[in-house]
Amino acid sequence: MTLSQERDTAVRERRRVAVGGVVQGVGFRPFVYALATGLGLDGHVTNTGDGVLAEIEGPAEVLDLFCTRVRSDAPPLARVVSVVAEPLAPVGATGFAIAPTVQGTARTLCPPDTATCADCLAELADPADRRHRHPFITCTNCGPRYTIVTGLPYDRAATTMAGFAMCPDCAREYADPADRRFHAQPIACHACGPRLSLVRPDAPVREGDAAVVAARAMLADGAILAVKGIGGYHLACDARNPDAVAELRRRKNRGDKPFAVLARDLDEVAAWVEVDESERALLTGPERPIVLLRRRGHTAAPEGRDARTAAALDHVAPRCPDLGVMLPYAPVHHLLLGLPGDPPGPTLLVLTSANLSGEPIVTDDAEARDKLAPLVDGWLTHDRPIHVPCDDSVVRVVDGEPSPVRRSRGWAPLPIALPLPVVPSLAVGGDLKCVLALAEGERAWLSGHIGDMDDLATLRAFDRAVEQLGAVTGVVPERVAADLHPRYRSAQRARHLAGERLVHGVQHHHAHIASVMAENGLDGRSPIVGVAFDGTGYGTDGAVWGGEFLVADYAGFDRFAHVAYVPLPGGDVAVRRPYRMALAHLYAAGIDWDSDLPSVRACPADELALLKKQLDLGLNCAPTSSMGRLFDAVSSLAGVCHHSGYEAQAAIELEAAALRHGVHGSHGRHEPQSGEGARDAGGAGIGDAGGYRFELHDGDGPLRAEPGPVLAAVAADVRAGVGTGEIATRFHTAVADLVVRVCRAARERYGVSTAALSGGVFGNAVLASACARGLRADGFTVVRHRAVPPNDGGLALGQLMVAARAAADEEESPCAWRCPAG
């Protein structure tokens, strides 16, 4: 019996089916239309503020099949969270239609921007297709979403495509249920869509394909271009041209901070980096983040073109163990890198966010012409506005699993499931790598990367992010959470936004641990031991924390142990000059500043004398337990890095030295079997520490891990001529060994069996892998970050959970600025 015959003979029912999740902007209504008509059902489908709503009429068993397949067969970009069906009285409907959007409060999930799909790429390269070389080609399965959405429900009128009227051909495709672009809101073509322009000083403006051809020729000649993409402007140059890379670094005042590269395909970088299957999946998936790939070592000097590439890559990522690589995700990237048959040109580009140091990515055209003028030789721009700034996401793979460094394009604003429901809340994160979050019920939405809250531009971007995230989630916060630091600008903005409402202050490292708990679904009923290693965090005693072992749940924490305090001479000055941190650690350990030590030689004589007086008198020497600063100190003491031109440079170069020495052959890329590689019951499993071992002192208050013996051993090895790679290896091993020993002591006292690793120091893949392996060998369940970064980009998620739990105590003891602490 055919479906139409069955419809005529069976008893008909009608149901209202509400579908929630990422179901707008992903071709869901066309999918429902095709599914319903294919099953012979009658009714209609529409977008609403809550998602997609269908009313379907037909035989009961066919309606059941529809409700199953609407989830199981959903479009590739959709994420169905819920399917709720309720019975209605049949109305004798005939046919199926896509009805106008039902306006209302936005409660659905806005999709992220997605890389150009294979079907669109085939059309882009096909001279016979009417969208051949169209730089804005898209369909229901790919293209910009979050960055062009101005409101929900998601319709063309609520995007920055509203100003581009569809031509008759596009309108016909948009209205054809059999077409891949049926109700694809960003649909456009050469005749009716946005247009590219190449703007150069003292030269005629070129438009359309001529702009791309000229831009590509400029890049081949060594020029630096501003390229307007999906989420903002980038700066681009030929990555194989050492002079161009050096000039970009000089103009941007980049120091030695690594650049990322955009490769036409993985063959372009195969000789220079290692790529496993997990990394390949990230690179080629719809999110298309920058993936940090381990650079290969070479036994022989390359020749010819490869030699030029090798020299350029040394400029791209000097002394860095990783190379950030991404593949094209926007049509303009494919055009710049060349389509089949194009003249030769650059196939590997440096592509970095167009901004001044520390400021948000530039999205406004007028601002780009003004601010970027000293940096570029031209602008490849277009006339479609960017409503939401969105930097590229950055990910590395550790032990076969993704570990985010920056969660932005491709993931923002997808929600993260919470283990406990929360009232509508806003958390503002920290001042570095600021990311804010809104939450309600059991979902949290994180913004894209905002930046460092140290200038007016970032503060404005922060305010816009609060407004935009609220618009696409519909969350009106009743509670606000911020870092405990009284001078954080993010906390000041939180107090401004809160008005008369309470602002919950959350201790920095407690937020780190709560963040990793939340994303791993821990409900906080049982405490865990959290290891929070970073550079700087405001402690409850006013000191600078950063080497913390917390026995914690969402309600509070006990500071079970920490790295022993040493003076931080000059605050940020010591961060920029790791040799000062090395000298402070030597001073605290009672080790003489002999001139045979690299960090002593690196310090100018007059500064050395002043530093000694400063430490003797304790002037501007806040106490710190920072593990990040200890990495800086060892890096300088071993002669690896004395001046830090970008965040964590000294630690990154120390990790690179350990990798060159061959520590942990898989480099954190593959998870060993349980117990594999453990030195002993407390070993970290990355080799012999060579006598490096922290002393643990148990007295009044928290357990103290004294780094003095480690510093003394490093100094002895330096004097004995031990190589920097061996020293770096032994130090990583000693830190991993410390983590296992202290966590075991916490288990003996508290009975905890789960260990969590968080904080920016765990961006070090060698250390993160070694700690996890050693803890598992010792019987711990280990939880790490996979959805949000371990650095301050994940703080907001933890702040939400701590503030939600603290709210349970508000009626008994209200407090506008509180930090539960043991």
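How many strands form the open sheet with the order 7-6-14-8-9-13-10-12-11-15-16? The count is 11, and the pairing is mixed. Keep in mind that this is a predicted model.

Strand 7 (206–207) and strand 16 (401–406) stand at the edges. Each has a single partner strand, so one side of each is left without a neighbour in the sheet. For strand 7, look at strand 6 (residues 196–199). These two strands pair in the antiparallel sense, over two bridges. Within this pairing, L198 stands opposite R206 in strand 7.

Helix 7 (residues 242–251) lies across strand 9 (233–238) and strand 13 (348–353). Helix 7 runs at about 145° to strand 9. Helix 8 (residues 277–284) also packs on the sheet. Helix 8 touches strand 11 (290–294), strand 12 (322–326), strand 15 (394–398) and strand 16. The direction of helix 8 makes about 155° with that of strand 11.

Next, go back towards the start of the chain. Here five strands form an open sheet, in the order 4-1-3-2-5. The pairing is mixed in this sheet. Strand 4 (79–88) and strand 5 (96–98) are its edges. Each of them has a single partner strand, so one side of each lacks a neighbour in the sheet. On average, neighbouring strands of this sheet are turned by 15° against each other, direction ignored. Look at one pair inside it. Strand 1 (residues 12–22) and strand 3 (residues 51–59) pair in the antiparallel sense over eight bridges. R14 has E57 in strand 3 as its bridge partner.

Helix 2 (residues 28–38) packs on this sheet. It touches strand 1, strand 2 (42–48), strand 3, strand 4 and strand 5. The direction of helix 2 makes about 175° with that of strand 5. How many of the 11 residues of helix 2 are buried? Eight are, so helix 2 is largely enclosed by the rest of the structure. The buried residues are F28, R29, P30, F31, V32, Y33, L35 and A36. They pack against the strands 1, 2, 3, 4 and 5, and also against helix 3 (60–72). After helix 2 comes G40, whose phi is positive, near 75°.

Finally, turn to helices that pack on each other. Two packed helices are described by the angle between their axes and the distance between the axes. Take helix 19 (residues 627–637) and helix 20 (residues 649–660). Their axes come within 8 Å and cross at roughly 60°. Helix 19 and helix 20 are therefore oblique to each other. The crossing is left-handed. On the helix 19 side, F631, D632, V634 and S635 take part, and they meet A650, A651 and L654 in helix 20. These contact residues divide into five nonpolar, one polar and one charged.

Helix 19 has another partner, helix 21 (residues 708–719). Which angle do they make? They pack at about 15°, with their axes 10 Å apart. Angles under 35 degrees count as roughly parallel. Helix 19 and helix 21 are therefore roughly parallel to each other. Helix 19 passes helix 21 in a right-handed crossing. L630, V634 and L637 in helix 19 meet L711, V714, A715 and V718 in helix 21. The residues of this contact divide into seven nonpolar, no polar and no charged.

How values were computed. Residues numbered from 1 in each chain as written. Predicted model: local features only at pLDDT ≥ 70, side-chain atom pairs only at ≥ 80, totals over all residues. Heavy atoms only, no water. Axes fitted to C-alpha atoms, helices over the stretch in contact; angles between N-to-C directions. Helix = DSSP H or I, 4+ residues; strand = E, 2+ residues; numbered from the N terminus. Parallel < 35°, antiparallel > 145°, perpendicular 65-115°, else oblique. Left-handed = near helix turned anticlockwise from the far one by under 90°. Contact = heavy atoms within 4.5 Å. Nonpolar A, V, L, I, M, F, W, Y, C, P; charged D, E, K, R; others polar. Pairing = 2+ DSSP bridges. Buried < 20%, exposed > 50% of the residue type's maximum accessible area, 1.4 Å probe, protein only.
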